[in-house]
Amino acid sequence: MSSTATPDLVADAPQMSRRPRLVMLRNAKAGTGIVILALFALLGLIGPWIAPYDPNALGPDTMQGPSAAHWLGTTNTGQDILSQLLVGTRGVMVVGLTAGVVATALAVVMGITAGFVGGVGDDVLSALANVFLVIPQIPLVILVAGQMKSASQVVIALVIALTGWAWGARVLRAQTLSLRQRDFVQAARASGESLPRIIICEILPNLTAIIATTFINTVNAAVLAEVTLAFIGVTSISDWNWGTILFWAQSNQALFRGAWWWFVPAGLCIAMLGMSLALVNFGIDEFVNPRLRSTGMNARRLRQRGIRPRIGYTPVVRSKEEDAHDIAR
């Protein structure tokens, strides 16, 4: 590595450690994903207030395409599709975020406890996680919804969370098993630190990226499960969400009738929400992985400084001067 490349990289290291949030937001993938996700969260919050019509109100303009009066067209009964989409965003976000928070909390508690305590406690919690791993999520939600007269969105989110925490717990357990043998954890134990303080101050900060990834993946799975259940008519068809819109579009043969405006906007919303979660996940990977960081998040900055990162089994950063010297030889 040349002397011209070393100061730049060394200067960047403390800056990134001091401002990890700002570095994360400067990542193009993570920034784009966060903006799209925040937009959907905002629509979920204010959607029912800004909807131009009542989503259940019937109207005279049936099966009309997008127009000035109805930006996304109408259904076969004259209902405004834009209003249904705005109102339905709240249901999707409530289920996704609630399931994500609950499942991630369970995964953190179970995984870190099993990995740090070890022994019989580890065996019991690992066996419990293995049991929940094989429980089918969608059939269980269908069974719960069938036994209840009206399964609310919160109930569906809790069922999804209770069947979706096990995988994250296993990943966190494996990482905790590795961390508890590190020198800094052993030093904290030797200095007399309490177990809760060691877990909160020593273990959790090193698992932040995995916890964030677990949360994002759980939200994505919960959204897809909620949309799927609504599309097949398991959940209440009177509670609007994107799956409910697709259910009515499929029931009234919107595709065969050429009413693309009935199902395309809801499908695009599902795809964009999934894309935003994937982009945030990719950004987290680049932020925590030095090999990806040198080629992903900081690639443009390195190119501007005349440094070309070359990745093998170990990341190697080379400058243009070194490349020219190798070519000359």
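**W260.** I looked up W260 and found the residue in helix α13, residues 260-288. Helices here are DSSP runs of H or I with at least four residues; strands are E runs of at least two, and both are numbered from the N terminus. I am working on a predicted model, where local features need pLDDT of at least 70, side-chain atom pairs count only at pLDDT 80 or more, and totals for chains, interfaces and linings use all residues. Residues are numbered from 1 along each chain as its sequence is written, and side-chain values use heavy atoms, with hydrogens and water left out.

My cut-offs: buried is under 20%, exposed is over 50%, partly exposed is in between (1.4 Å probe, protein chains only). I then listed contacts, meaning heavy atoms within 4.5 Å. Leaving aside neighbours within four places in sequence, W260 is in contact with P66 and P265.

**T75.** I placed T75 in the loop between α3 (28-50) and α4 (81-117). T75 is buried, because its relative accessible area is 1%. Which residues does T75 contact, leaving aside neighbours within four places in sequence? I noted D61, T62, M63, I81, Q84 and W262.

**S83.** Next I went to S83, in helix α4. Not counting residues up to four places away in sequence, S83 touches A51, P52, Y53 and P55.

**Aromatic pairs.** I paired rings of Phe, Tyr and Trp (its six-membered ring) with centres within 6.5 Å; planes under 30 degrees apart are stacked, over 60 edge-to-face, the rest tilted. How many aromatic pairs does this rule give? The count is four.

One is F132 with W165, a tilted pair at 5.2 Å centre to centre and 55° between the planes. This pair links distant parts of the chain: F132 is in helix α5 (residues 119-133), W165 in the loop between α7 (153-162) and α8 (166-179), 33 residues apart. F132 is partly exposed at 22%, whereas W165 is buried at 4%.

W260 and W261 form an edge-to-face pair, 5.9 Å centre to centre with 80° between the planes. I logged W261 as buried, at 11% relative accessibility.
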